[in-house]
Amino acid sequence: MAPVKHSKVDGRKSTNNYCSTVTLVAFVALCLVGVWMMTSSSVVPLQSLGTTQNNKNEVRTVITKEFDTEETTDENSPSDDGTSTPDNSNSKQFEDNPGDLPEDATKGGDSSSNSSQQDKNNSKEDTEMNQEEKVTTANENETKDAESKAEEEKEEKQDKVDAPSTETLPAGAQSELLSETSVQNGSFSTQATESKNEKDMHKSPESEKNNGYHWKLCNVTAGPDFIPCLDNLQAIRSLRTTKHYEHRERHCPENPPTCLVPLPEGYQRPIEWPTSREKIWYHNVPHTKLAELKGHQNWVKVTGEFLTFPGGGTQFKHGALHYIDFIQEIVPDIGWGKRSRVILDVGCGVASFGGFLFDRDVLTMSLAPKDEHEAQVQFALERGIPALSAVMGTQRLPFPGRVFDIVHCARCRVPWHIEGGKLLLELNRLLRPGGFFVWSATPIYQKLPEDVGIMEAMTKLTKAMCWEVKGVGKDKVNKVGVAIYQKPMSNECYEARSQNEPPLCKASDDANAAWKVPLQACMHEVPVAAPVRGSKWPEQWPSRVEKSPYWLLSSQVGVYGKSAPEDFTADFEHWKRVVTKSYMNGLGINWSNVRNVMDMRAIYGGFAAALKDMNVWVMNVVSVDSPDTLPIIYERGLFGIYHDWCESFSTYPRSYDLLHADHLFSKIKNKCNMTALVAEVDRILRPEGKLIVRDTVETIDEVENMLRSMNWEVRLTYSKDKEGLLCVQKSMWRPVEVETIPYAVV
């Protein structure tokens, strides 16, 4: 008779003693196999992270995708005796280094709080193991009993805590770049100090439990297009006058909304650049009024399920590129993409002018109000073109003085000549000495009485402002005229004027003060001293992006404590390493889907500069209470804006593909409502867009809990030495419960 094969059930045919012996042996064997499996799991050697087994600082990395890698030795690892060198402890806290990462992205998953205890309990044998992929075979799973499975699950949770991130963040940090304790104002004042009328929005955040977030859907008249500071209908109704476009200016509610903006019905992932320049999904911006009003001028047309953009405008019906080249033919010194890099387009429409200037290596800040030209700025952003909802009304625009190489206006409907030229004098504040004002409007080429009167007034005003007419031309293709003026590069003309009209500004008037500062009908003197910004034209693009500005002096103290030029260089080198070694491959971001980027707390613009060869543009935001480094950002051929994150940003919902917040949330926690800021992040970020947060561990945990409560996907979370990194992806989820915002409802 053939022997019976051993199985879990054939024990019933054996004696009790035999059964007990076999069961005991099998159980011991399985336990030994389980222990061996655990010691072979993917526990990363702490030495490779720049720490020791005895390091009591938290090291937390959460991932869900595991991978094979070879153990690498960091040249900055601690000595064998387990003690850290001074360099390692003081200047190697949290930086992205080149390392042993796979090319595929790492995604984050559930976090654990037991990492410190795990660091203490890992054996020496564990830390010497090469990292292996954590795999349990089907046969082994079938033979494990309930007790061994429970033990395995416990060990796997502990292993996940210490699993390595594919981003080479930990070892070799430079504390002068990332440690918030070392950040200072240096020689830079803050925008809040410069701007006398800044509103005090300090408010203590309400304490909330980790799981106590209850989101609601905003019920407002603007619906999916809600911009809190521009759709405050209650404040707009109470205005005494709207003569100077006060109703188009910012009127922020005292308490920013904490509800979530709904999605348009049928919303889907935006079309990628550069195809998006020509067409977008209709359901993402379901507005047709502009197509009806401006379709004959080739602004926008409705074509099936798309909104299409032929590339035209009121002054360039036959295409923006011809118009752009025509401007340079009039004044060759403009030098698109070399001398002229950063320009302001006032009254931009759907921003086709700025969109096609990318072909000439020019970065354009397109600006238009939220007015009867329905969703014009929203169209621009959906197309992947930089744009901002703003108006030239009663306050200065939120930019420093003397930063734009060119200001452009094509039928922008701004009455430059009235009230002493107050609005044109604001452009004079923004223009660099030697910069150009490009004006394309009917007074230049039509002879109607109104046009003639406007042209005479403009001629008188620009002459009094010492602007020189560099050229006037008529485009035979588009049948329009263009006049180009240049701002003076010295004060000689000002001093030679017989009348002080428009007057020169008082010496105490800071041209950089721009946050909630009323317009001034005066002109600032041109800087002439060699080390002063504006006394020389910047380096040509692209050289200017990497070089420290000539007016940053070694005697000045930078934001991170070094001399200003050293600070600038160190910051740029740091962000190049971070972007190249970490962000490009370590966060699971498909950069082909990224076009519109915002650095929510820019310093020198190093993050944006590190992305200059990517097919993206970056809106650099400098907080009004941070060191005023925005002029440096413009000097390098980048652009940005002043803002107070206690208020909503002047952009439409779903404007950006990626938001980058470097130690922003921890600052906001001590100033105003962080829940409102998280709701604002949700408002301006597109579904499936990414948020990268670098901050303290405590703040990272709080932000992560909020975002998880909104069903965002945590792609990666990493922490060490009280500093952390979080990468999350916004979901399509919207709450069901509704909250009506009284001030935003008709």
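1. E698 is exposed, because its relative accessible area is 59%. The model behind this value is predicted. The partner of E698 is K669, and their side chains form a salt bridge at 3.7 Å, N to O. K669 is buried, at 17% relative accessible area. The cut-off for buried is under 20%.

2. Just after α23, N711 has a positive phi of about 65 degrees.

3. E713 pairs with R715 in a salt bridge, with the closest N and O atoms 3.4 Å apart. Is R715 buried or exposed? R715 counts as buried, because its relative accessibility is 5%. E713 is partly exposed, at 33%.

4. A network also deserves a look. Salt bridges that share partners join D405, R432, R544 and E635 into one network.

5. R277 and E278 form another salt bridge, and their closest N and O atoms lie 3.5 Å apart. R277 is buried at 9% relative accessibility. E278 is partly exposed, with a relative accessible area of 34%.

6. How many salt bridges does the model hold? The count comes to 31. The rule behind that count takes a side-chain nitrogen of Lys or Arg within 4 Å of a carboxyl oxygen of Asp or Glu. The E698 and K669 pair, at 3.7 Å, is one of them.

7. Which residues form the positive surface patch? They are K317, R411, K474 and K479. K474 sits in strand β11, residues 468-475. K474 is exposed, since its relative accessible area is 53% and the cut-off for exposed is over 50%. Patch members must have no salt bridge, so K474 belongs to the patch without such a partner.

Terms used
Residues are numbered from 1 along each chain as its sequence is written. This is a predicted model: local features need pLDDT of at least 70, side-chain atom pairs count only at pLDDT 80 or more; totals for chains, interfaces and linings use all residues. Side-chain values use heavy atoms; hydrogens and water are left out. Patches are made of residues with over 30% relative accessible area and no salt bridge: like charges are joined within 9 Å, nonpolar side chains (Val, Leu, Ile, Met, Phe, Trp, Tyr) within 5 Å. Accessible areas come from the Shrake-Rupley method with a 1.4 Å probe; for residues, only the protein chains shown count as cover. Lys and Arg count as positive and Asp and Glu as negative; His and the chain ends are not counted. The place of a charge is taken as NZ of Lys, CZ of Arg, CG of Asp or CD of Glu. Helices (H or I, at least four residues) and strands (E, at least two) are DSSP runs, numbered from the N terminus. Buried means under 20% relative accessible area, exposed over 50%, partly exposed in between (1.4 Å probe, protein chains only).
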